[in-house]
Amino acid sequence: MRDRYNGRHYLKFWMIDMQVQSDICVIGDGVIGKTAALGFAQAGLKVSLLTPSSVVRGPIAADDAWDARVYAVNHVAHALLSSLKVWDALDLSRVAPVDSMAVKGDGANASGALTFDAYGARVGTLAWIVEDRNLNQALDAALKFASNVRIVQGRASALQVDAATARVQLDNGDVLSADLLVGADGGQSWVRAQSRIDIDYRPYGQRAIVANFACEKPHQGVAYQWFSAVDGVIALLPLPGQRVSLVWSAPDALANVLLQESAAQLAARVEAASSCQLGTLTPLQPEVMKSFPLSLVRAHALTAPRVALVGDAAHVIHPLAGHGMNLGFADVAALIETVTARGPHRDCGDARVLARYARARKEDILLMQLATDGLARLFGTELEPLRVLRNFGLNLVDRLPGLKRRLITHALGKTL
Ligand SMILES: Cc1cc2nc3c(=O)[nH]c(=O)nc-3n(C[C@H](O)[C@H](O)[C@H](O)COP(=O)(O)OP(=O)(O)OC[C@H]3O[C@@H](n4cnc5c(N)ncnc54)[C@H](O)[C@@H]3O)c2cc1C
């Protein structure tokens, strides 16, 4: 009896757990989850967005504080972000267009090369390099003013789905109910596991190391990539001004060495591996180096009853093509389109609506998984015949305009 009147028990006894009912409940507050929440809200649906943290990102600081986490954003993502009025809310002075791409292999005498440019692809720009923080701030600002979104803080602890509703119980006792639950909770998705969607998981035995540098020579809007079986994949992406962002997908043993070295040592290694393409590289201040383990995650299904997966919850791919998040944006665009076109007699989580979404995304995801996984394997082997073959392949594609255009079309995420 005494327990009922002391401390937490007493409080809990009188507190009524919160119940939030919406059309759509999005679990996960990464870029993809926030974009989905905003998109559904702007389509006139009632949305709840579960966020596990109370971290408030500060404004973008001094000019030299560049986020080491950047994304190459393609045309599909650009179109979606523009339609949601997020693109114009970015600090566009910190966004760099990619005018061309130069891919180099590891053939004898530096042979094996492939270039793409915006002119050849008949577009103004191939892609845009955007900092993670810039993107999140624009999304946060848009969500703040979106009238149909309720942002709920907490951790999901149980999922119950019946014929009419998906119900998420939070660890504080609150409950979120919705017609459709959107799992946007990343590569280790809780929603996916709760929905008993199996996955194929394969670690690449590599870590991606990211850091930003000032470059001595202008990059001229070129995104460079060097492939090598020994060093992995080194990408230098253009940032505004004479700055570049490094994504080095290095085999684990090399990555461990790189992570113990200073940013200046890393810069010297990148200069050497890139044959000083951009002259001397100098770490940007403050020096930030981050690393991410790389793996392939293939979900056996994109949907379960009243559940749809988007973004890394649905697929994790090697970053060598810079397309993981772009696939996620395309998921969101397709899900919003199928849900809003569902017709008057179906709710948002109707099985036929979800089946349409899964069909719409299947091919695009599979092709990107096959392409990135194939390239990662092909360039991950030191076998001489395969080394010759891959470099021959790069040169061949470079000389076949038709094939090259098809590849660019897919990379841009648009029909040319
Ligand atoms: C080095 C590197 C470079 C890359 N470069 C590119 C690029 O250039 N272009 C590109 O398109 N892609 C790129 N990618 C891929 C891209 O980073 C991912 O695809 C993207 O970040 C996935 O976003 P997401 O919102 O789906 O998942 P995440 O960013 O993982 O977000 C998931 C969110 O869910 C939250 N969450 C997790 N569990 C729960 C829970 N139980 N309850 C509530 N919330 C939860 C997490 O806190 C997190 O905020 C790159 C990846 C790497 C590693």
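1. Some ground rules before we start. Because the model is predicted, local features need pLDDT of at least 70 and side-chain atom pairs count only at pLDDT 80 or more, while totals for chains, interfaces and linings use all residues. Residues are numbered from 1 along each chain as its sequence is written, and side-chain values use heavy atoms, with hydrogens and water left out.

2. Let's begin with the ligand. There are 28 residues around the ligand, and D29, R69, A72, D312 and N326 come nearest. A residue is near a molecule if one of its heavy atoms lies within 4 Å of it. By class, the shell holds 15 nonpolar, eight polar and five charged residues. Here Ala, Val, Leu, Ile, Met, Phe, Trp, Tyr, Cys and Pro count as nonpolar, Asp, Glu, Lys and Arg as charged, and the others, Gly among them, as polar.

3. Now the polar contacts, meaning pairs of N or O atoms within 3.5 Å. The side chain of D312 places an N or O atom 2.7 Å from an oxygen atom of the ligand. From R155, a polar side-chain atom lies 3.5 Å from a ligand nitrogen atom. G322 takes part through its backbone, with a polar atom there 2.9 Å from a nitrogen atom of the ligand. On its own the ligand has 1,000 Å² of accessible area (Shrake-Rupley method, 1.4 Å probe), and the protein covers 82% of that.

4. Which elements give two or more residues to the shell? They are α3 (31–42), β3 (70–73), β12 (199–215) and α9 (324–340). The largest share, three residues, comes from α9. Elements are DSSP runs numbered from the N terminus: helices are H or I with at least four residues, strands E with at least two.

5. Two of those elements also pack together: α3 and α9 meet at an angle of about 20°, with axes 10 Å apart. Axes are lines fitted to C-alpha atoms, for helices over the stretch in contact, and angles run from 0 to 180 degrees between N-to-C directions. The two helices are therefore roughly parallel (angles under 35 degrees).

6. Helix α3 has another partner in α5 (residues 132–144), at about 25° and with axes 10 Å apart. That makes α3 roughly parallel to α5 as well, but this crossing is left-handed.

7. Finally, two backbone details to look at. Most residues other than glycine have a negative phi, and most peptide bonds are trans. K85, not a glycine, has a positive phi of about 65°; K85 sits in the loop between α4 (75–83) and β4 (96–98). The peptide bond from Q285 to P286 is cis, with omega near -10°, and P286 belongs to the loop between β16 (281–283) and β17 (290–299).

Note on methods
A polar contact is a pair of N or O atoms within 3.5 Å; within protein, one must be able to donate a hydrogen and the other to accept it, and residues adjacent in sequence count only if both atoms are side-chain atoms. Angles under 35 degrees count as roughly parallel, over 145 as roughly antiparallel, 65 to 115 as roughly perpendicular and the rest as oblique. A crossing is left-handed if the near helix is turned anticlockwise from the far one by less than a right angle, and right-handed if clockwise.
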